[in-house]
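Have the sequence and the 3D view open as you read.

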Amino acid sequence: MEETFGKGWAWLSVCTLFVSTIGALITEFSGIMGVGLLFGVSKWITVPLAVAALILLSVTGKYKVVERVAIVVGAFELVFIPAMIFAKPDYTSVMMSLVGSQPLNSSAYWLMISANVGAVIMPWMVFYQQGAVVDKGLTEKNLKASRIDTIFGSIITQLICCVVIIAVAATIGMKDPNASLNTVQQISQALTPFLGEATGKILFAVGLTGAALVAAIVVTLASSWGFGEIFKKPSSLNCKWSEAPAFYIFYSTLLIIAGIIVLSGIPLVPLTLGVEILNTVLLPIVLGFLIALAWKVLPKKHALHLWEKIILIIIYIVITVLGVLTLYLTF
């Protein structure tokens with residue numbers, strides 16, 4: 001980034017990453033805190049434990065260990081699939097709603113659309129992808145497998161997103177659409193009458209914890225790699241603490257700051273919505289740099305085709321418009 005656009009633009013890019021990272025971590029730790037409270041465990045136990053576990057995981061000195069743990073923990077999100085099945089949704093109604101009329105005149109609807117964009121294309125994902133490629137030591141020969149890996153992961157994550165939406169719509173949306181959903185406990189209590197108290201609580205807790213922990217690992221690493229690159233310091237999970245102290249200190253500091261903010265007491269759902277909207281507003285900057293880099297630095301054999309450039313430009317315009325629209329509707 002710095003070599004292509006200069007130090008100023010590189011700092012701007014990384015600063016947007018820092019803002020997005022803190023917002024995301026606060027959201028994830030809020031979810032973990034809520035799960036603990038769901039089972040009567042104090043936030044002063046769950047949040048510090050989560051922070052400590054993530055810091056200890058990072059100092060193993062091996063990227064592969066962290067990656068495998070993250071995959072296993074992230075797989076907990078798959079429990080939302082049986083949760084959706086237990087909810088017994090009307091699949092015909094689900095399909096019909098996809099093609100039915102949408103409340104396009106509602107500002108709240110467009111804010112929700114914008115938040116969904118920020119949840120699906122998060123700024124730190126771009127930084128994590130490039131950082132992981134370096135830490136894994138991937139080369140050109142791994143390009144095809146990496147593309148398949150990325151496509152597969154994208155499909156799975158969006159499948160889980162759809163499953164959660166359907167499960168909530170089939171339960172809370174059908175039976176109690178005006179239910180207050182500002183905390184993890186309120187969401188769980190609204191779901192358990194339809195999924196069974198024990199089953200619903202366990203499925204919800206396992207899925208949310210898995211999602212929160214894997215996101216916390218990814219977002220913290222993305223920011224730490226980015227700042228390591230800016231300061232030209234060793235920044236790899238394959239290094240020991242003594243070999244990359246700045247990287248690990250920054251990684252740990254991010255987690256501790258986010259944990260302290262969460263312990264101060266923040267409502268989960270409004271915060272999550274706000275963070276995703278913030279992501280949408282920041283995306284034009286991050287994606288703009290990504291597209292510009294693809295235009296300028298890709299070797300000839302991997303240069304973008306015209307049709308790829310057109311698709312990227314269309315996506316960029318849509319996201320930028322949503323970001324501007326979000327600011328307009330918010331202020």
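## The cores

Which residues have the most contacts inside the largest nonpolar core? They are Phe 29, Trp 124, Tyr 128, Leu 221, Trp 225, Leu 237 and Leu 255, in a core of 45 residues. A nonpolar core here is a set of buried Ala, Val, Leu, Ile, Met, Phe, Trp, Tyr and Cys residues joined through side-chain atoms within 4.5 Å. Buried means under 20% relative accessible area, exposed over 50%, and partly exposed in between (1.4 Å probe, protein chains only).

Helices α2 (7-38), α3, α4 (63-74), α8 (123-135), α11 (197-230), α12 and α13 (268-297) each put in at least two residues. The largest share, nine residues, is from α11. Another core, of nine residues, lies apart from this one and includes Met 84 and Ile 187. Helices are DSSP runs (H or I, at least four residues), numbered from the N terminus.

## Helix α12

Just after α12, Gly 265 has a positive phi of about 100 degrees.

## Reading the model

This is a predicted model: local features need pLDDT of at least 70, side-chain atom pairs count only at pLDDT 80 or more, and totals for chains, interfaces and linings use all residues. Residues are numbered from 1 along each chain as its sequence is written, and side-chain values use heavy atoms, with hydrogens and water left out.
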